Amino acid sequence: MAFENAEIYGYLSEYAAALESFDAERAAALWGTPSTVLTDEAVSVAHNHEDLVRELQKNYPQYQKLGLASVGNELIEVNPLTERLVRVRVRWVLHDSSGAILTAISYIYVLRRDDDGVLRAYVAVPIEEDEKLARLAKRRGVALDD
């Protein structure tokens with residue numbers, strides 16, 4: 001089964017809506033487990049749904065402090081790896097309540113079409129996320145907790 005951009009955009013739109021509403025349960029439903037986030041500094045693995053919800057919830061206070069109100073996305077690249085795996089690069093565009101762009105952060109995801117036919121993320125690699133959020137916090141005069 002081929003991967004259609006419309007299907008991937010649907011996934012990204014649902015993920016954006018979960019982030020905008022700071023709904024970790026809704027976001028976690030878009031991930032499979034175990035799930036992995038890779039950065040230069042660390043590897044984070046959530047082995048079950050409950051761990052995943054806790055990991056997602058950890059990021060929400062900083063987004064709230066930074067004034068996140070809405071999230072847009074730009075699908076940059078789609079690379080099918082197998083019949084069920086696809087690597088996507090997306091740019092998340094974060095907006096404040098007036099619609100102004102706060103920042104844009106790129107991610108690479110490996111999505112898998114699970115047995116139920118649903119796309120879920122299993123691997124995420126944020127690109128310069130910490131640096132961009134730190135710059136945004138400095139611009140907005142917000143202290144982010146480590």
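In this predicted model, E74 stands opposite R91 in β4. That pair belongs to the pairing of strand β3, residues 70-80, with strand β4, residues 85-95, which is antiparallel and extends over 10 bridges. The two strands form a hairpin, with 4 residues between β3 and β4.

The C-alpha atoms of L12 and E74 are 9.0 Å apart in space, although 62 residues separate L12 from E74 in sequence. L12 is found in helix α1. Leaving aside residues up to four places away in sequence, L12 touches N73, L75, V90 and W92. The relative accessible area of L12 is 1%, which is under the 20% cut-off, so L12 is buried.

T103 lies in strand β5, and beyond residues up to four places away in sequence it touches W92, V93 and L94, together with K132, L133 and L136. T103 has a relative accessibility of 11% and therefore counts as buried.

The chain as a whole can now be set out. Its secondary structure comes to 4 helices and 6 strands. From the N terminus on, the elements run α-α-β-β-α-β-β-β-β-α. The radius of gyration of the chain is 15 Å, close to the 15 Å given by the globule rule for 146 residues, so the chain is as compact as a globular protein of that length. Taken along the principal axes, the C-alpha atoms fill a box of roughly 50 × 30 × 25 Å. Of the 146 residues, 38% count as buried. Among the contacts in the chain with a separation of 6 or more, 52% are accounted for by residues 24 or more positions apart.

The other hairpin described here involves β1 and β2. Strand β1 covers residues 31-38 and strand β2 residues 43-46; the two run antiparallel and are joined by 4 bridges. Within this pairing, V37 stands opposite S44 in β2. The hairpin that joins β1 to β2 passes through 4 residues. Strand β1 also holds P34, and the peptide bond from T33 to P34 is cis, with omega near 0 degrees.

Helix α2, residues 24-28, is where A28 is placed. The relative accessibility of A28 is 2%, so A28 counts as buried. Not counting residues up to four places away in sequence, A28 touches H49, L52, V53 and L56. A28 and E50 are 22 residues apart along the chain, and their C-alpha atoms are separated by 8.7 Å.

F22, in the loop between α1 and α2, is not a glycine but has a positive phi of about 50 degrees. E128 lies in the loop between β6 and α4. E128 likewise is not a glycine and has a positive phi, here of about 60 degrees.

The last topic is the largest pocket. The volume of the largest pocket is about 1300 Å³. It is lined by 45 residues, of which N59, Q62, Y107, E129 and D130 are the closest to its centre. The elements that give two or more residues to this lining are α1 (5-20), β1, β2, α3 (49-65), β4, β5 (101-113), β6 (119-127) and α4 (129-140). Helix α3 supplies the largest share of the lining, 10 residues. Sorted by class, the lining has 29 nonpolar, 5 polar and 11 charged residues.

Notes. Residues numbered from 1 in each chain as written. Predicted model: local features only at pLDDT ≥ 70, side-chain atom pairs only at ≥ 80, totals over all residues. Heavy atoms only, no water. Buried < 20%, exposed > 50% of the residue type's maximum accessible area, 1.4 Å probe, protein only. Contact = heavy atoms within 4.5 Å. Pairing = 2+ DSSP bridges. 1 Å grid on protein atoms, 1.4 Å probe; cavity = no way out; pocket = protein on both sides within 12 Å on 5 of 7 lines; lining within 4 Å. Points joined across faces, edges and corners; volume = space filled by probe spheres on them. Nonpolar A, V, L, I, M, F, W, Y, C, P; charged D, E, K, R; others polar. Rg over C-alpha atoms; globule rule 2.2 N^0.38 Å.
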